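Take a moment with the sequence and the 3D view before reading on. We will walk through the fold step by step.

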Amino acid sequence: CDDHFNNNAASSICKELGFKDGRTFPVLKKMASGLDWEKLFFGWSHISCDYPDAKMMSQHCHAREYEDVMEMYGSEAVCTSNDPIAVQCFEEPAHFTIDVDVSYNRRRGQIMCQARAYKEGKMVDLLMEGAIPILLL
């Protein structure tokens, strides 16, 4: 079930399957059109990882069995045909770029850097909680 599923979890799943990386992928109507939803069941829900290289069974990844989620949240947790998860795995590592603007303030004698990071063309939040601080020397 796609509740709380994130790209870090998709990446972790793909890496454990032997690929270099992965990301979430929308389940297209074409993919789901031939499935008999009455016969399928959801095994897991609330799947997420804190980091893209975390092992799925580590403390940095979280998941709950679907039956447990149903007991905890009842009908609010029901997963339907709109909620399946798909991942796209690939052999090439993700394209990652960093742009840095450097400026110098003469009055204060300070050099300032503003960094922006992009993964697969999407900006990465460098100030996110739990991020690893970077020290430039």
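How many bridges join strand 5 to strand 6? Keep that question in mind while we get our bearings.

This is a predicted model. The chain has 137 residues. Its elements are 3 helices and 7 strands. Read from the N terminus, they follow the order α-β-α-β-β-α-β-β-β-β. Of the residues, 21% count as buried. The accessible surface is about 10800 Å². Carbon and sulfur atoms hold 54% of that surface. Now take the contacts between residues at least 6 apart in sequence. Of these, 52% join residues that are at least 24 apart.

Back to the question. Strand 5 spans residues 96–105, and strand 6 spans residues 110–119. The two strands are joined by 10 bridges. They run antiparallel. Together they form a hairpin, with 4 residues between the strands. Look for Gly-109 in that turn. Gly-109 has a positive phi of about 70 degrees.

Asp-101 has Gln-114 of strand 6 as its bridge partner. Tyr-104 stands opposite Ile-111, again in strand 6.

Now follow the chain onward. Strand 7 covers residues 122–124. Strand 7 pairs with strand 6 over 3 bridges, in the antiparallel sense. Here Tyr-118 stands opposite Met-123 of strand 7. Strands 6 and 7 also make a hairpin, with 2 residues between them. Glu-120 sits in this turn and has a positive phi of about 55 degrees.

The 3 strands form an open sheet in the order 5-6-7, with antiparallel pairing. Strand 5 and strand 7 stand at the edges. Each of these edge strands has a single partner strand, so one side of each is left without a neighbour in the sheet. From one strand to the next, the twist averages 30 degrees.

What about the side chains on this sheet? In a regular strand, side chains alternate between the two faces of the sheet. Strand 5 gives the largest share, 5 residues. Is Ile-98 buried or exposed? Its relative accessibility is 53%, so Ile-98 counts as exposed.

Asn-105 has a relative accessibility of 17%, so it counts as buried. Which residues does Asn-105 touch, leaving aside neighbours within four places in sequence? Asn-105 is in contact with Gln-110 and Met-112.

Charged side chains meet here too. The structure holds 1 salt bridge. Arg-116 forms this link with Asp-101, and their closest N and O atoms are 3.0 Å apart. Arg-116 lies in strand 6 and Asp-101 in strand 5, so the pair ties together parts that are 15 residues apart in sequence. Arg-116 is partly exposed, with a relative accessible area of 22%. Asp-101, at 39%, also counts as partly exposed.

Ser-48 is found in strand 2. With a relative accessible area of 15%, Ser-48 is buried, because buried means under 20%. Set aside its neighbours within four places in sequence, and Ser-48 is in contact with His-4, Asn-6, Ala-9, His-60, Cys-61 and His-62.

Notes:
Residues are numbered from 1 along each chain as its sequence is written. This is a predicted model: local features need pLDDT of at least 70, side-chain atom pairs count only at pLDDT 80 or more; totals for chains, interfaces and linings use all residues. Side-chain values use heavy atoms; hydrogens and water are left out. Buried means under 20% relative accessible area, exposed over 50%, partly exposed in between (1.4 Å probe, protein chains only). Contact means heavy atoms within 4.5 Å. Accessible areas come from the Shrake-Rupley method with a 1.4 Å probe; for residues, only the protein chains shown count as cover. Two strands pair if DSSP finds at least two bridges between them. Axes are lines fitted to C-alpha atoms, for helices over the stretch in contact, and angles run from 0 to 180 degrees between N-to-C directions. A salt bridge is a side-chain nitrogen of Lys or Arg within 4 Å of a carboxyl oxygen of Asp or Glu.
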